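Good morning, and thank you for making the time. I would like to take you through several local features of one structure, residue by residue and then helix by helix.

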Amino acid sequence: MTAEVLVAGSINADLVVTADRRPGAGETVLGGDTVLLPGGKGANTAVAASLIGAQVAMVGAVGDDANGRLLLGSLREAGVRVDLVRTVDRPTGAAYIVVTPDGENSILVSPGANGALEPSSVDGAFDGARVLAVSMEIPLPTVEHAVVAAAEAGVRVLLNLSPVAKVSPRTLNAVDVLLVNEHEAAWLLESDDADPRGLLELGPYSAVVTRGAKGALVITADEVVEVPSPKVEAVDTTGAGDAFTGALAASLAEGASLADAARLAVKVAAISVTRSGAQPSYPRAGELD
């Protein structure tokens with residue numbers, strides 16, 4: 001099977017605890033039972049894209065441990081190719097997530113094996129791919145190498161610049177779609193009130209800014225399109241941004257316009273927040289009607 005969507009990113013075990021509120025500095029707060037779920041921005045993106053029908057391959061790294069085996073099994077079960085996932089001599093990455101009753105979350109990530117994903121991991125992986133989706137929970141040199149190599153191979157690059165970080169101008173110039181949330185956009189533009197069209201001045205061909213319950217902005221050289229989100233009652237927002245990324249990548253790989261891809265992505269993300277967890281909350285294609 002040739003992968004239409006190639007995802008380079010993190011693979012984490014999510015350890016999720018519900019709590020009435022997040023603890024402050026030096027404070028202990030009792031929470032509910034710990035739930036172990038498959039996660040990681042990269043793996044979440046891959047699963048979200050695969051579940052709505054894209055052919056997806058994952059580039060990443062896990063440890064030789066129980067969590068690594070759990071995560072590989074979850075990816076396979078979702079239909080994601082894992083032959084490009086490496087097993088390394090580091091513990092599998094983990095995310096410690098506190099979810100409050102309003103559905104919001106706080107996350108501490110321990111990268112583990114993700115930190116051992118080398119730039120060479122993506123070499124030779126682009127054959128047949130239409131879109132590369134890459135995010136920032138892996139080493140920056142690997143992200144930058146993947147973006148430039150994909151662009152040189154004629155593959156559309158979707159860079160989910162999250163967690164936000166400074167990347168080289170050469171990297172941004174190779175990006176077809178820069179995807180960030182409102183907070184990340186403000187950090188990049190050094191202002192909460194900056195015109196989002198300023199993102200294009202950083203180098204990418206186009207940009208998408210996600211806005212939570214308000215939907216997304218699609219920014220091109222010609223226009224800024226506001227894409228509203230369906231109104232839903234949030235249960236857990238964990239992984240919603242990754243659901244958006246995966247759906248956006250899958251739709252772009254099918255040849256949709258960026259605005260139409262974003263319309264599908266807001267629907268997928270909206271469905272995901274009505275359910276608990278990250279990957280377990282993602283809809284399948286039949287649910288989008």
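Ser206 is found in strand E11, residues 206–210; helices (H or I, at least four residues) and strands (E, at least two) are DSSP runs, numbered from the N terminus. Before I continue, please note that this is a predicted model, in which local features need pLDDT of at least 70 and side-chain atom pairs count only at pLDDT 80 or more, while totals for chains, interfaces and linings use all residues. Residues are numbered from 1 along each chain as its sequence is written, and side-chain values use heavy atoms, with hydrogens and water left out.

Is Ser206 buried or exposed? Ser206 has a relative accessible area of 2% and is therefore buried; buried means under 20% relative accessible area, exposed over 50%, and partly exposed in between, with a 1.4 Å probe and protein chains only. A polar atom of the Ser206 side chain lies 2.7 Å from the backbone oxygen of Asp176. Leaving aside neighbours within four places in sequence, Ser206 is in contact (heavy atoms within 4.5 Å) with Asp176, Val177, Leu178, Leu200, Ile219, Thr220 and Leu258.

I turn now to helix H5. The buried residues in H5 are Glu184, Ala185, Ala186, Leu188 and Leu189, and what covers them includes strand E10 (177–181) and E11. At the start of H5, the backbone nitrogen of His183 has a side-chain oxygen of Asn181 within 3.0 Å.

What follows H5? The residue is Glu190, whose phi is positive, near 60 degrees. Glu190 belongs to the loop between helix H5 (182–189) and E11, and its relative accessibility of 68% means that Glu190 counts as exposed. As background, most residues other than glycine have a negative phi, and most peptide bonds are trans. Concerning the peptide bond, the one from Ser162 to Pro163 is cis, with omega near -5 degrees. Pro163 sits in the loop between strand E9 (156–160) and helix H4 (169–173).

Next, a helix pair. Two packed helices are described by the angle between their axes and the distance between the axes. The axes of helix H1 (residues 41–51) and helix H6 (residues 240–253) come within 7 Å and cross at roughly 50 degrees; axes are lines fitted to C-alpha atoms, for helices over the stretch in contact, and angles run from 0 to 180 degrees between N-to-C directions. H1 and H6 are therefore oblique to each other, given that angles under 35 degrees count as roughly parallel, over 145 as roughly antiparallel, 65 to 115 as roughly perpendicular and the rest as oblique. On the H1 side, Lys41, Asn44, Thr45, Ala48 and Ala49 make the contact, and on the H6 side Asp242, Ala243, Thr245, Gly246 and Ala250.

Finally, two strand residues. Ser106, in strand E7 (residues 105–110), is partly exposed, with a relative accessible area of 28%. Not counting residues up to four places away in sequence, Ser106 touches Arg22, Tyr96, Ile97 and Val98. Arg86 lies in strand E5 (residues 85–88) and, at 36% relative accessibility, counts as partly exposed.

How values were computed. Polar contact = N/O pair within 3.5 Å; in protein donor to acceptor, adjacent residues only side chain to side chain.
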